[in-house]
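Please find below a note on the structure shown here, arranged as numbered points. Each point takes up one topic and may be checked against the model.

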Amino acid sequence: MTTTATLAFPEGFAWGAATAAHQVEGNTVNNDWWAREHTPGSGIAEPSGDACDSYHRYREDMALLADAGLNAYRFSLEWSRIEPEEGFVSRAAIDHYRRMVAACHEFGLTPMVTMLHFTVPRWMDARGGWRHPDAVDRFARFTEFSLPIVADGVDWVCTINEPNIVSMIHGRRETDLVASGLPAPDEAISEVMRQAHVRSRQVLGSAPALRTGWSVATQAFHAEPGCEQQTRDYGYPREDFFLDAARGDDWVGVQAYTRTFIGPDGPRPIPEGTETTLTGWEYFPPALGIGVRNAWARTGGVPVFVTENGIATADDQRRIDYTRGALTGLHQAMSDGVDVLGYLHWSALDNYEWGSYRPTFGLIAWDRQTFARHPKNSLGWLGRVARANALGPADERVGTP
């Protein structure tokens, strides 16, 4: 996708990057994913281990983002650190995340805090996870425990990251979070997710300055000829149910990476010869614009925040090309009237992608022995876009030194 003119974004538009606690902090030993990673026969290629050691190095990570020109950072709370045993609150963990919020402001980054990014404490998992009758109450209580983190200095809170993916994988052994061909959502879990989101927003409402929503993995469903109804039927429980549930929220998050073709029998395989990423997804930058438009339509005009968008690749110039194409489609959607509040790239760092470190999504690489950070050209490129608050012509190779 090419641009022939400068595409300006509105004043106050947020430009940033995102991470998730389990994927970058390291040694989140008390959650369900850590337990799964160390269970024989789990099928997981490698454990998360120290991850990026961002639990200790978050200031360095934030400084790199800010120095590049970004102005926002999304990170998640690790529930199992804050409530390592049911009903016990770690004041040290609360203080840690409060220091992260303070550091964001120190570096000029607007924080977005995600309450839940997939992982739950081992004690909750042992009681059935989201199937337990008290699961919604437990999440509401965790939200209450976390209020001291977000009630002062945080504007944006995401209650649950990709509840549709949670519904698809909960209780299953699948570890490859590929959008195409994921299992059918568990309708009971989907409803629990919706209720947990509502209850969490109610608790967060005690801090009236907070703007709350949740993020949905959008999948740019494409119907093969004559399969329009099959596509609607396939897409509703996997995406639209969760977008509909965001009606009346302060904002809705869109997370977009690729597209899925639907034929008479469901998802179609990616055609041979199609460019794919390190996750096996089709290289398809327009997915972002499609996801944003669908979210805007399904919610009846709830403002959209791009909470994740990116590409797993070892070719950083291809990352820049993909992001340029995605932002071009995003700008077109905004020009057509969609209210978009900001863009957060996935991910700030090459991180643990739920089973393997092989898929590299990051704007920043790092050494697994020393943890030394190595910013990529894509970070500088996106930072320059953020400083200009505009996307320049495609022939400007601003990603190169």
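1. A network of salt bridges links Glu83, Glu86, Arg127, Arg138 and Arg141. Across the structure, 26 salt bridges are found. The model is a predicted one, and every value in this note is to be read accordingly.

2. Arginine 81 belongs to helix α4 (residues 79-82), whereas glutamate 25 is in the loop between α1 (21-24) and α2 (32-37), so the pair ties together parts that are 56 residues apart in sequence. Both arginine 81 and glutamate 25 are buried. Arginine 81 also lies over the face of tyrosine 55, 4.0 Å from the ring centre.

3. A salt bridge also joins the side chains of aspartate 186 and arginine 131, with an N to O distance of 2.9 Å. This pair links distant parts of the chain, 55 residues apart: aspartate 186 is in the loop between α8 (163-169) and α9 (187-204), and arginine 131 is in the loop between α6 (122-126) and α7 (135-150). Are the two partners buried or partly exposed? Aspartate 186 has a relative accessibility of 19% and therefore counts as buried, because the limit for buried is under 20%. Arginine 131, with a relative accessible area of 47%, is partly exposed.

4. Lysine 376 and aspartate 350 provide a further example, their side chains meeting in a salt bridge of 2.9 Å, N to O. Lysine 376 is in the loop between β14 (373-375) and α13 (377-388), and aspartate 350 is in the loop between β12 and β13 (364-366); the pair therefore ties together parts that are 26 residues apart in sequence. Lysine 376 and aspartate 350 are both buried.

5. The aromatic residues come next. How many aromatic pairs does a search of the whole structure find? The search gives 27. One of them is formed by tryptophan 15 and tyrosine 343; this pair is tilted, with 6.1 Å from centre to centre and 55 degrees between the planes. Tryptophan 15 is in strand β2 (residues 14-18) and tyrosine 343 is in strand β12 (residues 340-346), so the pair ties together parts that are 328 residues apart in sequence. Tryptophan 15 and tyrosine 343 are both buried.

6. Ring pairs also connect Trp79, Trp123, Trp130, Phe139 and Phe142 into a cluster. Elsewhere, a charge meets a ring: the charged end of arginine 318 sits over tyrosine 283, at 4.1 Å from the centre of its ring.

7. The overall fold may now be considered. The protein chain contains 13 helices and 15 strands. Its radius of gyration is 20 Å, close to the 21 Å that the globule rule gives for 401 residues, so the chain is as compact as a globular protein of that length. Along the principal axes, the C-alpha atoms fill a box of roughly 55 × 50 × 45 Å. Of the 401 residues, 61% count as buried. Among contacts with a separation of 6 or more, 78% are between residues 24 or more positions apart.

8. Finally, the confidence of the prediction. The average pLDDT of the protein chain is 94, and 95% of the residues score at least 70. Over residues 174-180, however, pLDDT stays under 50, and the model has 22 contacts beyond four places in sequence for this stretch. Residues 395-401 also have a pLDDT below 50, with 12 contacts in the model beyond near neighbours in sequence. Where pLDDT is low, predicted coordinates should not be read in detail.

Conventions: Residues are numbered from 1 along each chain as its sequence is written. This is a predicted model: local features need pLDDT of at least 70, side-chain atom pairs count only at pLDDT 80 or more; totals for chains, interfaces and linings use all residues. Side-chain values use heavy atoms; hydrogens and water are left out. pLDDT is the predictor's confidence in each residue, from 0 to 100. Contact means heavy atoms within 4.5 Å. Rings of Phe, Tyr and Trp (its six-membered ring) pair if their centres lie within 6.5 Å; planes under 30 degrees apart count as stacked, over 60 as edge-to-face and the rest as tilted. Helices (H or I, at least four residues) and strands (E, at least two) are DSSP runs, numbered from the N terminus. Buried means under 20% relative accessible area, exposed over 50%, partly exposed in between (1.4 Å probe, protein chains only). A charge sits over a ring if NZ of Lys or CZ of Arg is within 6 Å of the ring centre and within 35 degrees of the ring normal. A salt bridge is a side-chain nitrogen of Lys or Arg within 4 Å of a carboxyl oxygen of Asp or Glu. The radius of gyration is taken over C-alpha atoms; the globule rule is 2.2 Å times the number of residues to the power 0.38.
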